[in-house]
Amino acid sequence: MYFAALLARTEDGWEASDTDLDDVETLADLTDLAREASVDEDTVLVFIEQEDAWFGIVRVDGEDDPRIYVSDAAAATRSSYGEILVDELTGGDEDDAAADLDTLDLDGTEDGEDDFEADTDDTEEPGAEAGGRGDHPAGPLGDRQILDDFGFSERELLAVETEAMAEIADALGASEVLEAVR
């Protein structure tokens, strides 16, 4: 179960809204959602939390590239939204030739060539190959100073374990507006 919310910085404080991630397939989609919620191109924080297993923060400041933090890369890659964030941080979605070939469903033969039996090792763990989903260590990934200028230090961010959104919103002075959308 996911919970996602947007916190948009305004001159009067923070405005919160819950958000539906059904149409989000890429980081660009998530960034567009944040920019739509922005007031005068000020900071928008997108929080995604999955049942205390992991949380992610995407920070969008105007037209700047988004900044991303994920609390547990290994756990996040087991979910579609977490995978989007981790792939962006690790470059896992960029020009992966093997993935491109896999999507073509090629069998190794062309223009009448004989099929051949490839020597495979069925003992390898899924995702264990280099660049696969199994190679992300448990633990944080991304911009650990993502909230420093709001008074929430890297040390505090790394210490968050459960109820991440509530704890961070409280530190930012946005707990009341976030609670209104929960």
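This is a predicted model: local features need pLDDT of at least 70, side-chain atom pairs count only at pLDDT 80 or more; totals for chains, interfaces and linings use all residues.

1. Residues are numbered from 1 along each chain as its sequence is written, and side-chain values use heavy atoms, with hydrogens and water left out.

2. The secondary structure comprises seven helices and six strands, where helices (H or I, at least four residues) and strands (E, at least two) are DSSP runs numbered from the N terminus. Read from the N terminus, the order of elements is β-β-α-β-β-β-α-α-α-β-α-α-α.

3. Of the 182 residues, 38% count as buried, the term meaning under 20% relative accessible area, with exposed meaning over 50% and partly exposed in between (1.4 Å probe, protein chains only). The chain exposes about 11000 Å², of which carbon and sulfur atoms supply 41%; these areas come from the Shrake-Rupley method with a 1.4 Å probe, and for residues only the protein chains shown count as cover. Among contacts (heavy atoms within 4.5 Å) with a separation of 6 or more, 56% are between residues 24 or more positions apart.

4. The six strands form an open, antiparallel sheet in the order β2-β1-β3-β4-β5-β6, two strands being paired if DSSP finds at least two bridges between them. Because β2 and β6 stand at the edges with a single partner strand each, one side of each is left without a neighbour in the sheet.

5. Strands β1 and β2 form a hairpin with two residues between them, and their antiparallel pairing extends over six bridges. Within this pairing, Leu7 stands opposite Ala16 in β2, while Arg9 has Trp14 in β2 as its bridge partner. Helix α6 (residues 164–172) lies across β1, β2, β3 (43–50) and β4 (54–61), and runs at about 155° to β3; axes are lines fitted to C-alpha atoms, for helices over the stretch in contact, and angles run from 0 to 180 degrees between N-to-C directions.

6. How many aromatic pairs does the chain hold? The count is three, given that rings of Phe, Tyr and Trp (its six-membered ring) pair if their centres lie within 6.5 Å, with planes under 30 degrees apart taken as stacked, over 60 as edge-to-face and the rest as tilted. One of them joins Tyr2 and Tyr81, whose ring centres are 4.8 Å apart with planes at 80°, so this pair is edge-to-face. It links distant parts of the chain, since Tyr2 is in strand β1 (residues 2–10) and Tyr81 in helix α3 (residues 80–90), 79 residues apart. Tyr2 is partly exposed at 28% relative accessible area, whereas Tyr81 is buried at 13%.

7. Trp14 and Phe150 make another edge-to-face pair, with ring centres 5.2 Å apart and planes at 65°. Here too distant parts of the chain are linked, with Trp14 in strand β2 (residues 13–18) and Phe150 in the loop between β6 (141–142) and α5 (154–159), 136 residues apart. Both Trp14 and Phe150 are buried.

8. Finally, Thr31 belongs to helix α1 (residues 27–37) and is buried, with a relative accessibility of 4%. Leaving aside residues up to four places away in sequence, Thr31 touches Val60 and Pro66.
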